[in-house]
Structures are given as structure tokens and as C-alpha cells.
Amino acid sequence: MNHEEYPLNVATPRSFTYVTRDIPRVTAAQRERALKATHYNEFAFPAGMLTVDMLSDSGTTAMTDVQWSAMFLGDESYGRNKGYYVLLDALRDCFERGNDQKHVIDLVRTNCKDIDRMMDELYLCEYEGGLFNGGAAQMERPNTFILPQGRAAEAVLFELVRKILGQRHPGKVFTIPSNGHFDTTEGNIKQMGSIPRNLYNKELLWEVPEGGTYEKNPFKGNMDTEKLEELIVKLGPENVPLVYTTITNNTVCGQPVSLANLRESSRIAHKYGIPFMLDAARWAENAYFIKVNEEGCADKSIAEIAKEMFACCDGFTASLKKDGHANMGGILAFRDRGLFWKNFSDFNEDGTVKNDVGIQLKVKQISCYGNDSYGGMSGRDIMALAAGLYECQNFDYLDQRVKQCEYLAQGFYKAGVKGVVLPAGGHGVYINMDEFFDNKRAPESFAGQGFSIELIRRYGIRTAELGNYSMEYDLKTPEQKAEVCNVVRFAINRSQLTQEHMDYVIAAVKALYEDRESIPNVRIVKGHDLPMRHFHAFLET
Ligand code: F0G
């Protein structure tokens with residue numbers, strides 16, 4: 001990203017921040033008190049006492065000026081607010097049409113102020129249309145559901161899947177494989193009485209390239225498609241109701257998934273009549289990696305690649321608090337008349353639809369999140385999200401973001417810290433805690449959580465343990481245990497942090513690494529067996 005006329009060997013800045021927030025001065029003793037008071041549960045640690053908060057990149061984005069402007073156009077009407085049409089249009093641009101060119105403010109102006117156009121039946125049909133439904137209106141065949149965040153989409157989906165499967169096959173246990181389920185997805189699957197499986201390639205993940213540099217990103221987030229087919233054959237396709245792929249693979253170190261792998265997983269799922277679903281929270285970052293690293297994709301735009309990625313699936317859930325460049329938003333959608341619809345709708349003997357899965361999902365959406373036109377979001381948030389969906393397809397933005405992750409990862413690596421996953425993924429940096437502790441700590445000692453707590457206490461840096469503690473290693477079967485990545489994640493907020501923040505974090509982690517022997521192990525003293533325990537457990541060090 002340099003000025004081509006007069007090249008420099010540093011990146012040309014692409015944006016600047018014009019709202020600032022002070023970081024308070026807090027002592028280690030004060031943080032220690034707060035840690036004790038919140039039972040060493042880092043989710044309960046007050047954000048206002050932190051120096052750098054890297055717990056999550058979800059909803060923490062600093063929005064662009066275009067998004068803030070779009071918020072003024074938010075319409076808070078209860079039924080069919082203006083943003084509903086704008087958001088549906090944006091979703092179809094991003095996930096179906098391969099179009100990254102629209103400006104939301106123009107969209108509102110032309111779509112919602114031109115009454116003649118709004119009176120036109122064709123117009124209503126076009127803008128009422130959900131995703132992947134060839135123009136059918138949401139009124140007739142609902143297949144796209146706005147929700148406040150990703151887990152709401154998962155909860156609506158999995159609750160209905162449980163109900164349908166429970167009625168058809170009472171008492172039966174199902175397995176849902178993925179390249180890597182996120183913790184809320186696992187939690188939702190477990191709560192429906194099913195078994196989540198994570199089928200990635202662990203050996204590939206821990207392989208550190210010579211000198212810490214690399215030529216091509218090898219798509220370490222890919223599904224191990226051999227394992228997938230083996231599992232389906234072993235269990236029988238009737239026991240595998242859905243196959244999932246997470247892009248990028250958050251649980252597996254934020255690593256990307258190639259288009260070839262998406263197509264192969266989709267092919268295998270379809271061979272056995274199983275719907276192929278995406279968890280698409282970081283779809284734009286995944287498309288970036290495909291553009292930069294996958295053969296034949298360099299000349300395609302992010303939008304064109306997104307279109308190809310989504311062409312593989314029968315449906316998807318997504319948290320748009322990540323690659324919606326927004327603070328709120330989620331979606332559940334499926335392909336009209338596709339495999340998901342076929343497998344989960346009920347039909348009369350003459351082939352007519354008795355119970356349409358789309359209508360059932362809509363009933364659930366309305367009973368939990370309000371009218372389908374806003375799905376639990378305010379009209380302002382809908383506009384910011386619609387704008388953000390276009391903003392996050394900007395190549396320079398994605399390039400800077402991924403390079404910021406890589407700067408942090410290389411910084412750790414060059415400081416001698418062991419266990420850094422290289423290359424970095426798209427939204428943060430992960431450290432393998434087994435390697436960090438020289439394989440000296442037992443899996444149930446939850447030393448990764450000890451590391452996270454100690455990083456808060458000493459330096460005011462909050463990370464997320466996504467390893468043995470959060471992923472419930474001790475509660476898993478031996479085969480599931482082998483699928484846990486024992487990592488701590490440093491998530492990078494979108495459009496918010498500078499190199500100064502990164503350098504501070506590198507220095508802190510280096511110092512903590514050198515003193516790693518003194519990092520305490522952790523005991524769970526309350527909430528050990530509860531689903532998603534890391535959000536509510538009490539700990540002791
Ligand atoms: N799927 C993936 C891959 C996610 O990363 C997340 C959230 C969700 C689903 C759930 O979405 O938060 O909007 O309800 N990940 C955040 C994180 C919380 O920190 O990685 P949500």
C-alpha cells in the first residue's frame with residue numbers, strides 16, 4: 001500500500017481516528033483487588049480498568065464516518081422500517097450478488113424516498129426478497145432472518161432443529177461436525193443434546209515455518225475432509241443432520257479456509273444428502289486470505305470471492321458484529337428450496353408443504369426478538385450494519401488489518417515467545433499454551449487461564465483463553481479432547497488499535513514469558529459443569 005510514484009518501505013496510512021478515549025492509569029494492586037472481587041472471571045473484569053482489551057473483536061469495532069452518518073438515517077418504525085429494505089439489499093449484495101459498490105446513504109435516498117418506485121410491485125418484490133431465493137418475497141417464503149447477534153441465530157436454528165429431529169426420532173443423539181465450532185455454537189449444539197465435533201488438521205497448525213516467515217498461507221483452518229467423510233460413513237448420514245464450516249476458523253486460531261476446501265466439504269455433505277452450513281462471522285477476512293493466497297483468485301474482488309464462498313452453502317448463521325464492521329447484528333439464512341429447507345420442512349403425501357421450516361423460524365424469531373423487520377436491532381444499528389457490510393470489503397482495510405495481526409505475531413516470535421501460531425489469522429494472534437509452558441503443565445491445570453489472569457494483573461491486558469478451560473477439555477470424550485487447541489487469543493479490535501498498543505502487548509508478553517514459571521495454575525471452584533462455563537465460573541489461583 002505505498003505511493004507508487006515515490007515508493008517507501010513502510011505502509012501508507014489508510015485511515016485516522018478522530019474520536020479518542022483516554023486510558024486510565026491503574027496500578028497492579030488495584031487490578032488485583034478487582035480480579036479477586038470478580039472471582040478471577042475475566043469476563044467480569046471491568047473494561048474501564050484495562051490498558052488494552054483484547055478479549056474479543058466482536059462488536060468492539062470503531063465504526064467509520066460513513067457508518068455514523070448512516071445511523072442518522074435509521075428508522076425506528078415497528079413494521080418494515082426503511083433499514084429493513086436497505087439491509088436486505090446489502091446482505092444480497094454481499095452474500096449473493098458479489099457487489100461491493102453501493103453507498104448506504106444513496107441506498108436510503110433512492111430506495112426509501114422514491115414513493116413511485118416503492119409503489120411498484122416489482123420494487124417491493126426485489127427489496128422484500130431474502131437471500132438466495134430468486135426474487136421470492138420474504139412474506140411468501142421467509143428464508144432470511146435478522147437477529148441481534150450470532151448466537152441468537154444459532155439458538156433459533158438449533159432449537160428448531162432439535163424440535164424437528166426430536167419429533168421425528170425421539171431419544172436419538174446426533175453429531176454435528178465442523179472444521180471448528182465456536183464456543184457458543186458448541187454450547188447451543190450440546191444444549192440440543194447433540195455432539196459437536198471439530199475436524200481440522202492439528203499437525204498443520206503447530207508447524208512453525210523456518211525463520212517465522214512464510215510464502216503462502218496454507219489455509220490451516222480447513223476442514224479435514226477425509227475425517228469428515230470417514231465420520232459420516234461411520235455414524236451413518238442419518239445421524240449427521242448438518243455439516244458446518246466456520247470462516248475464518250476462530251477456534252482454530254483464526255485460520256482461513258480455502259474455496260477448494262469449502263467446495264469439497266460441500267460436495268461430501270451433499271453426497272450424503274446433508275445440508276452444508278457456514279458460520280460466516282469473519283467472511284470478509286476469509287475472502288481476503290483466498291484472494292491473497294489461493295490460486296486463480298488474485299484478480300477477483302472480495303465481493304466476487306464472497307459470492308463464490310456462499311454459493312457452496314445451503315444456509316448460514318453469522319455474527320455481523322465481526323465482518324459487518326458494526327457493534328451489533330446477526331443473521332440466519334438458508335437457500336430457498338435447498339437441502340436445508342427440504343430436510344427440515346414437512347411435506348404432505350402429494351408433495352405440498354405441510355410445515356415450512358422458514359415459517360417456523362420466523363415464528364421463533366418474532367417470539368424472541370420482535371418483528372422480522374428488525375430482529376432485535378434498533379433502526380440505527382441496522383443502518384450502521386448495512387453500511388459496515390460494504391466498508392469491510394475494502395481491500396486496503398482488510399490488508400492493514402491482517403498485517404496488524406501479523407505484526408503482533410511476529411513481534412511475539414521475534415521476542416522469543418514459544419507457541420505463537422504463524423502466520424497469524426485474520427482477527428487476532430493465538431499462542432499455544434502447551435508450548436508456551438514447555439509442555440510442563442497438565443491439561444486440567446488450566447495454565448492458559450492462569451496466563452490470561454496474570455496478564456491482566458501485571459499489565460492490564462485482557463485476552464481470551466480459548467483452550468482447555470473454555471472448551472471444557474475435562475468434560476470431553478477422549479476423541480473430542482484430541483480436537484481441543486489449547487490456546488490463548490489476542491483479539492484485535494477493528495479499526496481501533498495502533499502500533500503503540502501492539503508494541504506494549506509484545507513487551508508485556510515477552511516479560512511474562514521470561515517469568516512463566518511463576519504463572520499460577522487455576523482451579524474452578526464454582527460452575528464447573530455448566531454450559532459455556534467461562535462466562536460464569538468462579539476461579540481461584
Ligand atoms: N461464531 C463465531 C465463529 C464467533 O466467533 C462468534 C462470536 C459467534 C459465532 C457468536 O456470535 O458473539 O455475535 O453471538 N465470537 C466472539 C469472539 C464472541 O470473541 O470470538 P455473537
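Residues are numbered from 1 along each chain as its sequence is written. Because the model is predicted, local features require pLDDT of at least 70 and side-chain atom pairs are counted only at pLDDT 80 or more, whereas totals for chains, interfaces and linings use all residues.

The secondary structure of the chain amounts to 21 helices and 16 strands, where helices (H or I, at least four residues) and strands (E, at least two) are DSSP runs numbered from the N terminus. For 541 residues, a compact globule would have a radius of gyration near 24 Å, and the 23 Å of the chain agrees with this; the radius is taken over C-alpha atoms, and the globule rule is 2.2 Å times the number of residues to the power 0.38. The C-alpha trace spans about 70 × 60 × 50 Å along its principal axes. Of the 541 residues, 50% count as buried, a residue being buried if 20 or more other C-beta atoms lie within 10 Å of its own, exposed if 12 or fewer, and partly exposed in between, with C-beta atoms placed from the backbone. Among contacts between residues at least 6 apart in sequence, 71% join residues at least 24 apart; two residues are in contact if their C-beta atoms, placed from the backbone, lie within 7 Å.

The ligand is surrounded by 16 residues, of which Ser56, Gln149, Gly150, Arg151 and Ser319 are the closest; a residue is near a molecule if its C-beta atom, placed from the backbone, lies within 6 Å of it. Helices α7 (150–168) and α8 (183–191) each supply at least two residues of this shell. By class, the shell contains three nonpolar, ten polar and three charged residues, where Ala, Val, Leu, Ile, Met, Phe, Trp, Tyr, Cys and Pro count as nonpolar, Asp, Glu, Lys and Arg as charged, and the others, Gly among them, as polar.

Helices α12 (residues 283–293) and α13 (residues 302–310) pack at an angle of about 105°, with their axes 9 Å apart; axes are lines fitted to C-alpha atoms, for helices over the stretch in contact, and angles run from 0 to 180 degrees between N-to-C directions. The two helices are therefore roughly perpendicular to each other, a term that covers angles of 65 to 115 degrees. In this contact, Trp283, Ala284, Asn286, Ala287, Tyr288, Ile290 and Lys291 of α12 meet Ile302, Ile305, Ala306 and Met309 of α13, giving nine nonpolar, one polar and one charged residues.

Several backbone features fall in loops. The peptide bond from Ile247 to Thr248 is cis, with omega near -20°, and Thr248 is found in the loop between β5 (243–246) and α11 (259–271). A cis peptide bond also joins Leu422 and Pro423, with omega about -10°, and Pro423 is placed in the loop between α17 (395–414) and β11 (428–432). Phe446, although not a glycine, has a positive phi of about 50°; Phe446 lies in the loop between α18 (433–436) and α19 (447–459) and is buried, with 28 other C-beta atoms within 10 Å. Ser495, likewise not a glycine, has a positive phi of about 55° and lies in the loop between β14 (487–491) and α21 (499–514), where Ser495 counts as partly exposed, with 19 C-beta neighbours inside 10 Å.

Note on methods: Angles under 35 degrees count as roughly parallel, over 145 as roughly antiparallel, 65 to 115 as roughly perpendicular and the rest as oblique.
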